[in-house]
Amino acid sequence: RECTIKTLSLCGNPISNIGVQHLAEGIAGNETLSHLSLLHTSLGDEGVRVLASHIGKNQHLKELNLAFNSISDSAALELIEVARNHSSLEKIDLYVNDISADGKKSLHAVSKQREGLNVLVSLTEGTDVSQHWKLIFNAVEKNAGLLEQKALFGHLDLLLKDLENGRQHTGNLLKKMKFLKAEKEVRKLQKKLKH
């Protein structure tokens with residue numbers, strides 16, 4: 001009997017460059033994998049570029065989680081360019097990486113060029129709270145145990161700064177309230193994790 005894998009989660013397990021190469025080659029020829037989570041696997045830019053070079057050969061993958069991987073603007077944009085031409089990919093998680101504000105804007109712009117592709121990169125989108133902020137926040141909360149406490153609080157501080165910056169740049173009272181709600185959730189998690 002044939003064994004098929006539809007979901008693969010390697011969260012919190014560092015993957016070497018050779019491991020990424022083998023994984024990417026396996027994904028390229030796979031016809032059943034639809035969800036792949038490589039959250040907090042130390043991929044970095046090099047690992048993401050290896051994945052990007054093979055992912056186009058797999059037209060069954062729907063979700064790819066690359067959050068918490070020290071990915072920069074250039075590697076993230078290379079991946080999104082591949083995803084833009086990918087027929088089945090619906091969601092890519094890139095939050096809590098080393099992506100600049102300009103990089104986030106570019107990622108959103110590129111992802112909008114293909115209907116049905118959601119790129120979750122930030123709790124904010126310009127001067128509004130991202131429609132995906134709760135998904136991102138829940139994923140951070142769920143995976144809090146995978147991170148060292150210092151790194152986790154650093155990530156939470158970045159999320160909070162992202163929200164505060166967005167709130168300061170909007171004049172819309174309703175949007176300010178949405179930012180405050182999201183900020184409250186992040187602070188509540190920080191307090192919970194300190195105890």
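Q: What covers the buried residues of H4?
A: The cover includes helix H3 (73-84), S5, strand S6 (124-125) and H6. Helices here are DSSP runs (H or I, at least four residues) and strands likewise (E, at least two), numbered from the N terminus. This is a predicted model: local features need pLDDT of at least 70, side-chain atom pairs count only at pLDDT 80 or more, and totals for chains, interfaces and linings use all residues. Residues are numbered from 1 along each chain as its sequence is written, and side-chain values use heavy atoms, with hydrogens and water left out.

Q: Which residues of H4 are buried, and what puts them on the same side?
A: In helix H4 (residues 101-111) they are Gly-103, Lys-104, Leu-107, His-108, Val-110 and Ser-111. They cover an arc of only 165° around the axis, so they sit on the same side of H4. The arc is that of the directions from the helix axis to the C-beta atoms. Exposed Ala-101, Asp-102 and Lys-105 are on the face turned away from the buried side.

Q: Why is Gln-190 called buried?
A: Buried means under 20% relative accessible area, exposed over 50%, partly exposed in between (1.4 Å probe, protein chains only). Gln-190 has 11% relative accessibility, so Gln-190 counts as buried. Gln-190 lies in helix H7. Leaving aside neighbours within four places in sequence, Gln-190 is in contact with Phe-153, Leu-156, Asp-157 and Leu-160. Contact means heavy atoms within 4.5 Å.

Q: How do you know that the buried residues of H5 line one face?
A: Helix H5 (residues 133-142) has Trp-133, Ile-136, Phe-137, Ala-139 and Val-140 buried. Down the axis of H5, these fall within an arc of 160°, so they line one face of the helix. They pack against strand S5 (118-120), strand S7 (128-129), helix H6 (149-168) and helix H7 (173-194).

Q: What makes the protein chain as compact as a globular protein of that length?
A: First, the elements: seven helices and seven strands. The radius of gyration is 17 Å, close to the 16 Å of the globule rule for 195 residues, so the chain is as compact as a globular protein of that length. The radius is taken over C-alpha atoms, and the rule is 2.2 Å times the number of residues to the power 0.38.

Q: How much of the protein chain is buried?
A: Buried residues make up 46% of the 195 residues.
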